[in-house]
Amino acid sequence: MPQQYSPLQNTVFFSPQYFDSARAPQIRASDGQIVPDTGDPVNGLYAGGTSFPKALTDRFPGTDAPEFQRILRGVPIRISPTYAPVGPRFGFAYDVSGHQRTVIRGGYGLVFERVQGNFIFSQINNPPFVRQSTLYAANVENPAGGSARPVPASITSFDSNVKIPSTQNYSLGIQHKLQGDMLIDVAYVGSSGWNLYRSVNLNQLSVGTIQRNPGVNTNALRPYPGYANITQYITGSNFNYNSLQLQLRKQFQGGGLVNVAYTFGKSITDASSWNEGPMDSYNFKRERGLANYDRRHIVVFSYIYPLPFWKDQNVWYKVALGGWQLSGITTIQSGMPLNLGIQGDRAGTATGSQRPDVVGDWKVEEKSVRRWFNPDAFGLPAVGTFGNLGRNVLIGPGSNNWDLSAQKFFRIRERSRLEFRAEMFNAPNHVSYWSVATTVGAANFGQVTNAMDPRTFQFALKLVF
């Protein structure tokens, strides 16, 4: 699994090991601006390789300047090491009775993820290749007439010491034939992963910093002066998923099929996606809770039913009304987690995405569109502290969806036919909610804000030849 990299070597990264406090610029406490002609503008930054290739120098003159040369710190061009992981797979099936009526199945697999370009290629926007400057007292006719005031920029980076993300999948189940055309399947299915990607803010202030330094601009309080937010992609998150899966299938001699499946599962993680940032970058394990995509109960009912009458289509009305096949899928599932938040920076860390305090019971006797949970159960935490509510604790509205279709083939010639399909999505046209306002203090806090699409028709005509 070789790493992705930029052959122009214009992707620039940040590492604390290359940051020298003695070379940090001076930051004005009043407005957070960089004092001109102070500090090293590439302090802590580095690029792969020991020299820039000709392909870059031809396109980007000026790379022989000292600030460009200082980011060449002798690290490999590919930044991170190349991995050669071993991913075993194992599976078995055992016929218990020897008559193919009861079968036990199981399996295990270990898989890996390579480093994606998402972490690498966006770093071309970092200094010194990309700079930003704010002009004051300038106008369109004379932009150079203003005064430039350098402002700490927010940058993104990638930890070169990442470990390879790994996921293992495992299952154990039993299938039993109840009768000739009916099958029941009971299985435990699980998965777990480690060294998964997430983001942290290396330049986040420790909790309560702003309150302890009244009147001082946040950029003057950063751990790494000269930068605003430093979004660093790292590995270290994990997840686990466990489920009980039941399935009952009945096949009919005439070609029909009925299948009922139920899943009772739970997904726990401290990061639901590769770029999810924590409330506290110094303790992202406190984010451990339900995954954003967790659904505790899922029932899926699917069927295919060929209409039994007028299969022998020898007159016009049998051709028009006979030979139809009905099918459908009904999905009923519980809601996904809700992550409550507050407005502003209550904790004094110069970042948002903070959660409230729990001050009461959030359960209500009967959930409604206007009151999905008790909004009075949550309040703002004390200034200079994080809220005590966990991540993804509440559960949003569930959903049930009914999709139906009717299908028929019209024979044209021996080797050609027309297929006509009429489909309905959300056939009962009932309202199914899915979104709830989750910001404490908002006028609609605790209320349902969105619903799924109404009934939709779709028609299709296909020529098969």
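Trainee: Which residues is Asp357 in contact with, once its neighbours within four places in sequence are left aside?

Mentor: A contact is a matter of heavy atoms within 4.5 Å, and in this predicted model Asp357 is in contact with Ala377, Phe378, Gly379, Leu380, Pro381, Ala382, Phe386, Gly387 and Asn388.

Trainee: Where is Asp357 found, and is it buried or exposed?

Mentor: Asp357 is found in strand β16, which covers residues 357–358. Buried means under 20% relative accessible area, and Asp357 counts as buried because its relative accessibility is 18%.

Trainee: How should I read Thr63 in the same terms, and what does Thr63 touch?

Mentor: Begin with its place, which is in the loop between α1 (54–59) and α2 (66–70). Thr63 has 4% relative accessibility and therefore counts as buried. Not counting residues up to four places away in sequence, Thr63 touches Phe52, Leu56, Thr57, Phe68, Gln69 and Phe129.

Trainee: Where does Ile77 lie, and what is its relative accessible area?

Mentor: Ile77 lies in the loop between α2 and β3, and with a relative accessible area of 39% it is partly exposed. Apart from residues up to four places away in sequence, Ile77 touches Tyr5, Gln9, Gly48 and Gly49. For a distance on another scale, take Ile77 and His430, which are 353 residues apart in sequence and 57 Å apart in space, C-alpha to C-alpha.

Trainee: Turning to the backbone, which residues other than glycine have a positive phi?

Mentor: Among them are Gln100, with phi near 60°, and Ser353, with phi of about 55°. Gln100 lies in the loop between β3 (89–95) and β4, whereas Ser353 is found in the loop between β15 (337–338) and β16. The cut-off for exposed is over 50% relative accessible area; Gln100 is exposed because its value is 61%, and Ser353 counts as exposed because its value is 63%.

Trainee: What is omega for the peptide bond from Pro127 to Pro128?

Mentor: Omega is near 5° there, and the peptide bond from Pro127 to Pro128 is cis. Pro128 lies in the loop between β4 (102–112) and β5 (134–136).

Trainee: How many helices and strands does the protein have, and why is it described as more spread out than a compact globule?

Mentor: The protein has four helices and 23 strands. Its radius of gyration is 30 Å, well over the 23 Å that the globule rule gives for 465 residues, so the protein is more spread out than a compact globule. Along its principal axes the C-alpha trace spans about 90 × 60 × 60 Å.

Trainee: What share of the residues is buried, and what share of contacts joins residues at least 24 apart?

Mentor: Buried residues make up 39% of the 465 residues. Among contacts between residues at least 6 apart in sequence, 71% join residues at least 24 apart.

Trainee: Finally, what can be said of the accessible surface and the charges of the protein?

Mentor: The accessible surface comes to about 25100 Å², of which 55% belongs to carbon and sulfur atoms. The protein has 43 positive and 30 negative charges, and the mean positions of these two groups are 7 Å apart.

Note on methods: Residues are numbered from 1 along each chain as its sequence is written. This is a predicted model: local features need pLDDT of at least 70, side-chain atom pairs count only at pLDDT 80 or more; totals for chains, interfaces and linings use all residues. Side-chain values use heavy atoms; hydrogens and water are left out. Helices (H or I, at least four residues) and strands (E, at least two) are DSSP runs, numbered from the N terminus. The radius of gyration is taken over C-alpha atoms; the globule rule is 2.2 Å times the number of residues to the power 0.38. Buried means under 20% relative accessible area, exposed over 50%, partly exposed in between (1.4 Å probe, protein chains only). Accessible areas come from the Shrake-Rupley method with a 1.4 Å probe; for residues, only the protein chains shown count as cover. Lys and Arg count as positive and Asp and Glu as negative; His and the chain ends are not counted. The place of a charge is taken as NZ of Lys, CZ of Arg, CG of Asp or CD of Glu.
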